[in-house]
Every structure is written in structure tokens, then in C-alpha cells.
Amino acid sequence: MAHLTVREVIRSLEEPVGVLEKTVDTLKCGSPDRVVTGIVTAFMPTQHVLEQAAALGANLVVAHEGAYYSHHDPADFLEQDPVYLEKRQWIEASGLAIYRFHDYWHRYRPDGIMTGLLQSLGWEEYVVEDLPAATILEVPALTLGEAAEVVKSRLGLAFVRVSGDLSTPCTRIGLLAGYRGGGGSAIPLFGKGQVDLIIAGEGPEWETPEYVRDAVHQGRPKGLIMLGHAESEEPGMRYLAELLQRRFPEVPVHFLADKPVFRAV
């Protein structure tokens, strides 16, 4: 396709879902008619990632999360903040177009973020049920401790957070990406879903983790592994880069990730 534009890339990403009336997925800066010289996908458009994108010669960044520290567009509390102002000024001067791809990607069937996570874990063949916010897996038997090591190794993580007895046997797993690890999404999977283990990105610590703590105290073998929000969703944005490269082979496409935001000290 000659002279691929930002508008055409966005249309191709949204088309499988149709029009969402309420969404955070919009072109945050840049012209939709700009000719695309390169595409970068990223979970988080940190300033470092955006600087790398510009250095690669890309002029379109497709990011899962927002650039300005809020799920919605910049909040009032940031108006005079120096960090926000410097980043915004840099973005405006850079010439980058930034499109947020959050709601649409989660509404793909199957969920695009989940597809990438399953691929990175190598667990696609173990899927037994796709739910709107979770995927149920049946994997060869392993313990909670072994599951944690597998996840760390395959996702390249320095650490994960675990609740439960590490010797707990696990076969049926509920997998939830991003901020879907809260009680309302995760806890019912232990009952209706009959899972032994929940693996999630993150959620309120007083919900699912405390449920697992009480369950174990009562002698009910259950486990929880929290990956981190970025750690659970970056694979989906890496998968998106592969999809876009196949769709638009004439344009270079890169996936970029920043260093983990947290360290264990």
C-alpha cells in the first residue's frame, strides 16, 4: 500500500470491532492524514519509549495505556505539573502521532492482549474456555511454585507475587490480564470456574489476595500469582506489532518496552 496514512492504520485496527460510542481510544496527537514512516507499539508510552520511537524513524506510536498518568485524558491536577508539561512539550515538538489502542484491543475476540499473553506463555493449546474477562486453561499438573517459575521464565520476569502454599497442585488455571485481578472478576473463577490457580496482572490487594489467604487458612487449596499490570499486557502489544508488520509489510514496525517500573529491593 503506497503512502499509508495514520488514519488507515487506525481504521484497520478498529474495523474488527465496529464503532465504540464510549472509548478512550483516540488519536491523542498528530494528524490522521500524515504518511506513516514507521510504527511502534508499546504498552506504556513513557517518555523514554517515545524517544526511542523517534530515534527509530517511526512517526506513529500505538500505545495501550495513556501518556499522562490517568486512564482518561489529562486530569486537571496535572495542568501545572512540571513532569507533565515537559513530556507534553516534548511530544508536541517531536512530530509523533500517538494513538491509544485499549478498548478496541480488549474487545477483539479473542481479546488481543490475552492472545499475546497466551502465546508468550506457550499455553494456547490448553485453553478450554474464553470468557469476556478471563481465559480458563487446563495444563499438565504442576505445583503453585512450579507455575510461578514457568511464568517468570517464559515472560522474562525477575519476580512475581504469590499467595498460597507453593506445594499446592494446580491443573486448572484462570488467566486474567491487566487490572482484572479484582475480586469481582477473579474470585468467582474459583467457584464456577473450578480453577486451582488464578494468574492475573493486578487488582486491589484487599480482594482476591485476602480471599486466597482465608481459603488456605480454611484448608482449601488455592493459589494466586500476580504478574503486574505491564507484565501481563506487554505480550499483547508485542503480538500487535507482529500483526501490523504482516498487515503493512512496506512499513517497519517495532515493539518497544521500557524497564520494569518496580524493582524488588
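Trainee: Which residue in β6 stands opposite Asp130?

Mentor: Thr135 stands opposite Asp130. Bear in mind that this is a predicted model.

Trainee: What makes β5 and β6 a pair of strands?

Mentor: Two strands pair if there are at least two bridges between them.

Trainee: What makes β1 and β11 edge strands?

Mentor: Take the sheet they belong to, which is open and has 5 strands in the order β1-β4-β3-β2-β11, with mixed pairing. β1 (27-29) and β11 (253-255) each pair on one side only, and that puts them at the edges. From one strand to the next, the twist averages 25°. Helix α9 packs on this sheet and touches β2 (39-42), β3 and β11. The direction of α9 makes about 170° with that of β11.

Trainee: Why is Glu233 called buried?

Mentor: Its relative accessibility is 2%, and buried means under 20%. Glu233 therefore counts as buried. Its contacts beyond four places in sequence include Phe43, His64, Glu65 and His106.

Trainee: How do you know that the side chains of Glu233 and His229 make a polar contact?

Mentor: The distance is 3.0 Å, and the cut-off for a polar contact is 3.5 Å. The side chain of His229 also makes a polar contact with the side chain of Glu65, at 3.4 Å, which is still within 3.5 Å. Among the residues that His229 touches are Phe43, Gly178 and Tyr179.

Trainee: What makes Arg100 a buried residue?

Mentor: Arg100 is found in strand β4. At 3% relative accessibility, it falls under the 20% limit, so Arg100 counts as buried. Its side chain has polar partners: a contact of 2.9 Å joins it to the side chain of Glu65, and the backbone oxygen of His64 lies 3.1 Å from one of its polar atoms. Other residues touched by Arg100 include Val24, Asp25 and Ser70.

Trainee: Why are His64 and His102 both called buried?

Mentor: The relative accessible area of His64 is 0% and that of His102 is 13%. Each value is under 20%, so the word buried applies to both. His64 is in the loop between β3 and α3 (82-94), whereas His102 is in the loop between β4 and α4 (103-107). His64 touches His102, and its other contacts include Arg100, Trp105 and Glu233. His102 touches Glu65 and His71, among others.

Trainee: What makes Tyr69 and Gln194 stand out in their backbone?

Mentor: Most residues other than glycine have a negative phi. Tyr69 has a positive phi of about 65°, and Gln194 one of about 55°; neither is a glycine. Tyr69 is in the loop between β3 and α3, and Gln194 in the loop between α7 (183-191) and β9 (197-200).

Trainee: Why is Tyr69 given one accessibility class and Gln194 another?

Mentor: Exposed means over 50%, and partly exposed lies between that and 20%. Tyr69 is at 46% and therefore counts as partly exposed. Gln194 is at 58%, so it counts as exposed.

Trainee: What kind of peptide bond joins Arg109 and Pro110?

Mentor: A cis bond, with omega about 0°. Most peptide bonds are trans. Pro110 is found in the loop between α4 and α5 (112-121).

How values were computed: Residues are numbered from 1 along each chain as its sequence is written. This is a predicted model: local features need pLDDT of at least 70, side-chain atom pairs count only at pLDDT 80 or more; totals for chains, interfaces and linings use all residues. Side-chain values use heavy atoms; hydrogens and water are left out. Contact means heavy atoms within 4.5 Å. A polar contact is a pair of N or O atoms within 3.5 Å; within protein, one must be able to donate a hydrogen and the other to accept it, and residues adjacent in sequence count only if both atoms are side-chain atoms. Buried means under 20% relative accessible area, exposed over 50%, partly exposed in between (1.4 Å probe, protein chains only). Helices (H or I, at least four residues) and strands (E, at least two) are DSSP runs, numbered from the N terminus. Axes are lines fitted to C-alpha atoms, for helices over the stretch in contact, and angles run from 0 to 180 degrees between N-to-C directions.
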